[in-house]
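Let's take a walk through this model together, with the viewer open beside you. Please load the structure and keep both chains in view.

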Amino acid sequence: MRLSPFTDEHDLLRKVVRHWAESEIAPHLADWEKQGDFPDSVFRRAGELGFLGLAFPESAGGQGGDFWAQVVFLEEIGRVSQAIAMVLSVQTDMATPPILEFGSDRQIERWLKPALRGELIGAIGITEPDTGSDVASIRTRAVRDGDDWVLRGSKMYITNGARADFITMVVRTGELEEDDPWGGISMFIVDTSLPGFEVSRKLAKSGMRMSDTALLFMDGMRLPADALLGAEGEGFRQIMWELQGERIGVSIFGVAGARAILDQTIRHAREREAFGRPIGQFQAVSHRLADMATEVEAVQALIYECCDLWTRNVYATEEVAMAKLAVGQLCNKVADAAVQTLGGAGLVEGTFISREWLGMRIGRIGGGSDEVQRQILSRIMGLA
Amino acid sequence: MSGLDPLFLEEHDSYRQAARLFVANEINPHAEGWEEERDFPRTLFERVGSAGFFGAKFEERWGGTGPDYAAEAVWIEELSRSLTFGTTSDLGAHSQLAALYVDRCGDDDQKERYLRPSVEGALIGAFAVTEPGAGSDVNGIATRARRDRDEWVLNGSKVFITNGSWSDYVVAAAKTSDSPPDNITLFIVDADTPGLERSRMKMIAWETSHTGELFFTDVRVPDENRLGEVGSGFGHIMTNFQWERLTMSLSAIALAELSLETAIQYARDRTAFGRPVIKFQVWQHRFADLAVRIRTGKALAYRALRLHIAAESGVDVPRDELVRVTSMAKLFTQRLACQVADECVQVHGGAGALREYPAQRFWRDARVGPIGGGTEDIMRNIIARSLGLGTA
């Protein structure tokens, strides 16, 4: 019985990623958050270092590693910043896997390979101003015109949206039929350099301010025939597949972030003195942190079981929904306990804890809200 | 190789089927009657023994089929889904505590006399540390054993001892000197030894369990029944706590699963405002949340189980990690079982208070969990210490 899912090679990779995260990302986070921006070079560097295609096959420009290599990557970025983990995970777990899974050789050459090298930045486009998790209700529409497609509509809350070179976008191409609520949806690779694409607004957020989150507008944008990703009308099934990887990804870096917050809070509780002793000597504080550590350990165990199913190609919709829900709750609980334990220091702008506390609130909304996960689980459990 | 090693193999699946069948045929048909009578027959031990379910973690030379702790976990999970948790607890205390202590600490003669018949179910064992004045604070026990030539003379009392009122033998902890920590020793005391008096405690939970009080008045125990070295008791107790807490974690998860299934079934059958209660989204989502918590707790308990299996098979598992994760599993799962059982009572409405429905029993039985085997605050103390935090 081995005690860790990781091999020595993974441990080595962890060292390399950690070094990068601590030397090239962590020192800038306070500035980036203040500016509400971060440089594109983060993607370029991650690509140069081979981090953007760790679990992609070599034939598609990846490193040919297993999924646990991607787990290592997401954990190490999640340790320093949920915001940067999110933007990189959009690249590695959301925008690009559908191209590998459903794309043509041409699309893999044109979009996937440069994306894994960090030369192109991708985004995933599902949510719209009027619809989020209810994918069947999306209104952005692509209509055939000769060999081309004409795209009209808007997309909302799109991470990397303002800087993306391409957006893996879910679009309506057929009518919503009552007997087939999943039909009429297709996926496209939208080249944002084409005329008719407009970033309407970069949204100012309460947390993860450094990541760009955009409202996008497509006004009769003309797409070539090979912008269609996979088969016409198959988009719903394709995006449901994508969402599994997306939710696993955010769960992995989420729990790593919670653990990092916990570790820092424990260090604080050992050092900070009040009433003549370290606050960690007070049972009320030590028990709170014991509870938080237990939550982290438990959810971590759940996530690793989930990752293990994933690597064995088990399509674990139930476990993935559980993981997403559990991690969202965990992060908010742990971050709140951290702020409480740090006292005033937990509320100072520019610190790790305050930044992550604000950022983690997004985890219970993005990628399918808590309520959506509960709804999925209700269906799987045969309740709804 | 990356990834998690599988915990259960194919052979464990068939073991699970057999265990499930045993519980369905030999226990559950009688569960309501036993609960009504607050009792169950001693012969159940023999039936469990002859079916082989006391044997998974013991070697063949003592009548077992192991050691296979994954199989033992399977038995615990299935047994804990019985509809009479007090019965589960008696069977568990016999096997996971008394018999295991004899196995871990005993010599061959003691194993021949106590372990083999325990595996067969011919003898019932109890394990006694807790006293009126000391529970988790093991060093606070007041029962004393004084050496008198080839015998030890025990005086003191024990409470909350599962199987205490009807066991054939008791593994009892007593102080053998005044200088801690090496001043506690374990003894195997035959129940018919003069001077040992016992009574059954009337509890609001685990109602079929034979939880007892023991009174030792000049109870003479031969030195050949001393279990382990003089003064080794505290160490043995601290070590075996880990397995006990893990079994309680697996048990609590099974009880929580059973409570959730029962709750969901009731919500399907019960109509309110013109539709089944299950059609209300708040109940769907509440059940979904509980399912996530159960699955999370189970993942944690399984992580602890992996550490135990690894340690048993000779892998160098850091003891700190084993203790920390096991304590976390116990902390997480016991209160969880209470929460799930509480929602099970809630969905039953008025019927949640009726003894004819099992919901109230799950709720009462689960409540022992955060207290027995080390309270939840004791778990937090242990975890906090492992994090380098004080517990003043």
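In which helix of chain A does A:Trp357 lie? The answer is helix H11, which covers residues 352-360 of chain A. Bear in mind as you look around that this is a predicted model.

Is A:Trp357 buried, partly exposed or exposed? Buried means under 20% relative accessible area and exposed means over 50%. A:Trp357 has 31% relative accessibility, so this residue counts as partly exposed. Together with A:Leu347 and A:Leu358, A:Trp357 forms a nonpolar patch on the surface.

A:Phe282 sits in the loop that links strand E10 (277-278) to helix H9 of chain A. Because its relative accessibility is 22%, A:Phe282 counts as partly exposed. If you go 13 residues along the chain from A:Phe282, you come to A:Ala269, and the C-alpha atoms of the two are 9.3 Å apart.

Now let's turn to the interior. In soluble globular proteins, nonpolar side chains tend to be buried together. Here the largest nonpolar core has 203 residues. Those that touch the most other members are A:Ile77, A:Ile84 and A:Leu88 from chain A, with B:Ile237 and B:Phe287 from chain B.

Helix H10 of chain B, residues 376-386, takes us across to the partner chain. Its buried residues include B:Glu376, B:Arg380 and B:Ile383. The buried residues of H10(B) pack against helix H9 (283-311) of chain A, and also against helices H6 (233-269) and H8 (319-348) of chain B. After H10(B) comes B:Gly388, with a positive phi near 80°.

How many residues of each chain are in contact with the other? Chain B contributes 49 and chain A 47. The area buried between the chains is about 4200 Å², and carbon and sulfur atoms give 59% of that. On the chain B side, B:Leu4, B:Arg295 and B:Leu389 lose the most area to chain A, together 15% of what that side buries. Charged pairs are found here too: 7 salt bridges cross the interface. One salt bridge links A:Arg2 to B:Asp5, with the closest N and O atoms 2.9 Å apart.

Key: Residues numbered from 1 in each chain as written. Chains lettered and ligands numbered in written order. Predicted model: local features only at pLDDT ≥ 70, side-chain atom pairs only at ≥ 80, totals over all residues. Heavy atoms only, no water. Patch = residues over 30% accessible without salt bridge, like charges linked within 9 Å, V, L, I, M, F, W, Y side chains within 5 Å. Areas by Shrake-Rupley, 256 points an atom, 1.4 Å probe, with all protein chains shown as cover. Salt bridge = Lys/Arg side-chain N within 4 Å of Asp/Glu carboxyl O. Helix = DSSP H or I, 4+ residues; strand = E, 2+ residues; numbered from the N terminus. Buried < 20%, exposed > 50% of the residue type's maximum accessible area, 1.4 Å probe, protein only. Core = buried A, V, L, I, M, F, W, Y, C linked by side-chain atoms within 4.5 Å. Contact = heavy atoms within 4.5 Å. Buried area = accessible area lost by both parts, 1.4 Å probe.
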